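Have a look at it before you read on.

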Amino acid sequence: MHPKNPYCAAPPDFAALAYSYPGLKPFLIDRSDGTARVLIDFKNPEAIRQLSIALLKRDFDLDISLPPDRLCPMVPGRLDYCLWIIDLLDLQDLEITNGEDLIGVDIGTGASAIYPLLFSRLLSCVKMMATEIDQKSYESAQTNISNNDLAKQIDLIRYTVKQSSIFPTAHILASPCRLAFTMCNPPFYSSREEMDELSLKKDAGPLATCTGSDTEMIT
């Protein structure tokens, strides 16, 4: 993990988190090794959703909703991605603290709009442009942006699969801000058959359940 990622030094205390966010409580698991630490059931998709909702509220004051049939972001890993991008901006001498507004582009922001939401808390000078082709994910992302009063900082743009490009070139050219970075977490497979075939080749199953739709998982 990135050295500035708070979850690296201090993993979440699930029991304390569930005390403050009761939606997580039904998914707590007592360890059988005699230690006092409590875990959660990472194989349960609702547990993953409740954990992400609780962490984003507690640590970033973000109120989000997550549809059960779309990818659920694991907050520590998504935060890592953002922190590494900020390091790259520093290396480019963009002087991200001098008050200049910069543009960040997130291609395929997903139902959570997790990256634009996190950047709104991490780097106020970055104005995010987020694109999405899936209608349900777009509507969910729009709800999360609106519920956190971030419409001025996050521009959510709807595209369709029939369009030749999902990169917001016209929006960037129309903005007075400078483009600083683009990011994309693309679909992982070319077909459902490939996804099933590759899963059979893995030595071990996933540590957590995946709730991604075909739109999110397949090109």
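1. Helices (H or I, at least four residues) and strands (E, at least two) are DSSP runs, numbered from the N terminus. With that in hand, the bridge partner of Ile103 in strand S4 is Lys127.

2. Some ground rules. This is a predicted model, where local features need pLDDT of at least 70 and side-chain atom pairs count only at pLDDT 80 or more, while totals for chains, interfaces and linings use all residues. Residues are numbered from 1 along each chain as its sequence is written, and side-chain values use heavy atoms, with hydrogens and water left out.

3. The overall picture: the protein has nine helices and six strands. Of its 219 residues, 43% count as buried (under 20% relative accessible area; exposed is over 50%, partly exposed in between, with a 1.4 Å probe and protein chains only). Take the contacts (heavy atoms within 4.5 Å) between residues at least 6 apart in sequence: 69% of them join residues at least 24 apart.

4. Now back to the strands. S3 covers residues 102-107, and six of its six residues are buried, so the strand is largely enclosed by the rest of the structure. Leu102, Gly104 and Asp106 point one way, while Ile103, Val105 and Ile107 point the other.

5. Which strands does S3 join? Six bridges link S3 to S4 (residues 126-132), and the two run parallel. To get from S3 to S4 the chain passes through helix H5 (residues 114-122), and this β-α-β crossover is right-handed (with the strands pointing away from the viewer, the path from the first strand over the helix to the second runs clockwise). Another six bridges join S3 to S6 (residues 178-184), again parallel. There, Leu102 stands opposite Arg178.

6. Helix H6 (residues 135-147) is worth a look too. Its 13 residues reach 18 Å from first C-alpha to last, close to the 18 Å expected at 1.5 Å a residue (the expected span is 1.5 Å times one less than the number of residues). Ser137, Tyr138, Ser140, Ala141, Asn144 and Ile145 are the buried ones to find in H6. They cover an arc of only 165° around the axis, which puts them on the same side of the helix; the arc is that of the directions from the helix axis to the C-beta atoms. Just after H6, Asp149 takes a positive phi of about 55°.

7. Next, Asn5, which sits in the segment before helix H1 (6-9). Is Asn5 buried or exposed? It's buried, with a relative accessible area of 2%. A polar atom of the Asn5 side chain lies 3.0 Å from the backbone nitrogen of Tyr7. Leaving out residues up to four places away in sequence, Asn5 touches Pro76, Leu79, Asp80 and Leu83.

8. Ala47, in H3 (residues 45-60), counts as buried at 0% relative accessibility. Beyond its neighbours within four places in sequence, Ala47 is in contact with Leu24, Phe27, Ile40 and Asp41. Ser20, in H2 (residues 14-20), is partly exposed at 49%. The C-alpha atoms of Ser20 and Ala54 are 8.5 Å apart, though the two residues are 34 apart in sequence.

Technical notes: A polar contact is a pair of N or O atoms within 3.5 Å; within protein, one must be able to donate a hydrogen and the other to accept it, and residues adjacent in sequence count only if both atoms are side-chain atoms. Two strands pair if DSSP finds at least two bridges between them.
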